[in-house]
Amino acid sequence: MDPDLTQKSLSFNSARFLLSASRLDECPPDVGAEVAFAGRSNAGKSSALNAITANGKLARTSKTPGRTRLINFFSLNRKGCRLVDLPGYGYAKVSRDMKDDWQQHLGHYLNERRCLRGLVLVMDIRHPLTDFDQMMVDWCEHNQLPLMVLATKADKLKFGQAKTAMLTIARKLQAYRCVQHQIMFSATTKRGVDTCREALSQWLESPEA
């Protein structure tokens, strides 16, 4: 067996930009293991990725939500392990045709990517389970894809308020078997970063189904 796969422990600090793809046929070969991050374009997805990888410049952050229009792949120090930043939706000031085009290619990736081990759904803890979020939860449930809910911007609420918000999210998602992790998260204070890394490692290092 490749010693690369047996001896190196997975390090999220090792994440490096690999490539961007606008279509499925531009993605890396469909082998290994990937975990994808999805979320509305103002949910703090790029900031979450940067916090998880301890690299403030890994994923592009912008004061103009919706700037990420491509599927961005990041390699890790374990051969074949990748993190994937999916295009955000919701506040992007682009044409309807372009939004439809993004959704079509995102759908192709989610439906056809065999090495996808799980989906991280990033949502603002102050505005959880939007229509987009619910659509992604339903998709994961239908396709039996493991789902992690990352409730970001927890630092914007008092701790009691944040706990109440998490309980509300848990109650609304309790019937969904796909939901494996629900994590209170803050890229600013680093709350939830270690918990998220542990869950990601379990997905990426699990034997292929």
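Of the 209 residues of the protein chain, 48% count as buried, where buried means under 20% relative accessible area, exposed means over 50%, and partly exposed lies in between (1.4 Å probe, protein chains only). This is a predicted model, in which local features need pLDDT of at least 70 and side-chain atom pairs count only at pLDDT 80 or more, while totals for chains, interfaces and linings use all residues. Residues are numbered from 1 along each chain as its sequence is written, and side-chain values use heavy atoms, with hydrogens and water left out.

Q: How many helices and strands does the protein chain have?
A: Helices (H or I, at least four residues) and strands (E, at least two) are DSSP runs, numbered from the N terminus. Along the sequence they follow the pattern α-β-β-α-β-β-α-β-α-β-α-β-α. The total is six helices and seven strands.

Q: Which strands are the edge strands of the sheet?
A: Two strands pair if DSSP finds at least two bridges between them. The open sheet has the order β1-β3-β4-β2-β5-β6-β7, with mixed pairing. Each edge strand pairs on one side only, and these strands are β1 (16–21) and β7 (179–184).

Q: In β3, which residue is the bridge partner of F17?
A: Strands β1 and β3 run antiparallel and are joined by five bridges. Within β3, the partner of F17 is F74.

Q: How many residues of β5 are buried?
A: Strand β5 pairs in the parallel sense with β2 over six bridges, and F37 has V120 as its bridge partner in β5. Six bridges also join β5 to β6, again parallel, with L119 partnered by L147 in β6. Strand β5 is mostly covered, and the number of its residues that are buried is nine of nine.

Q: At about what angle does helix α4 run to β5?
A: Axes are lines fitted to C-alpha atoms, for helices over the stretch in contact, and angles run from 0 to 180 degrees between N-to-C directions. Helix α4 (residues 131–143) lies across β2, β5 and β6. Its angle to β5 is about 160°.

Q: Is A48 buried or exposed?
A: A48 sits in helix α2, and this helix (residues 45–52) lies across β2, β4, β5 and β6. Leaving aside neighbours within four places in sequence, A48 is in contact (heavy atoms within 4.5 Å) with L150, T152, F185 and A187. Because its relative accessibility is 0%, A48 counts as buried.

Q: With which side chain does the side chain of R78 make a polar contact?
A: R78 lies in the loop between β3 (71–75) and β4 (81–85). R78 counts as buried because its relative accessible area is 14%. A polar contact is a pair of N or O atoms within 3.5 Å; within protein, one must be able to donate a hydrogen and the other to accept it, and residues adjacent in sequence count only if both atoms are side-chain atoms. At 2.8 Å, the partner of R78 is the side chain of E205.
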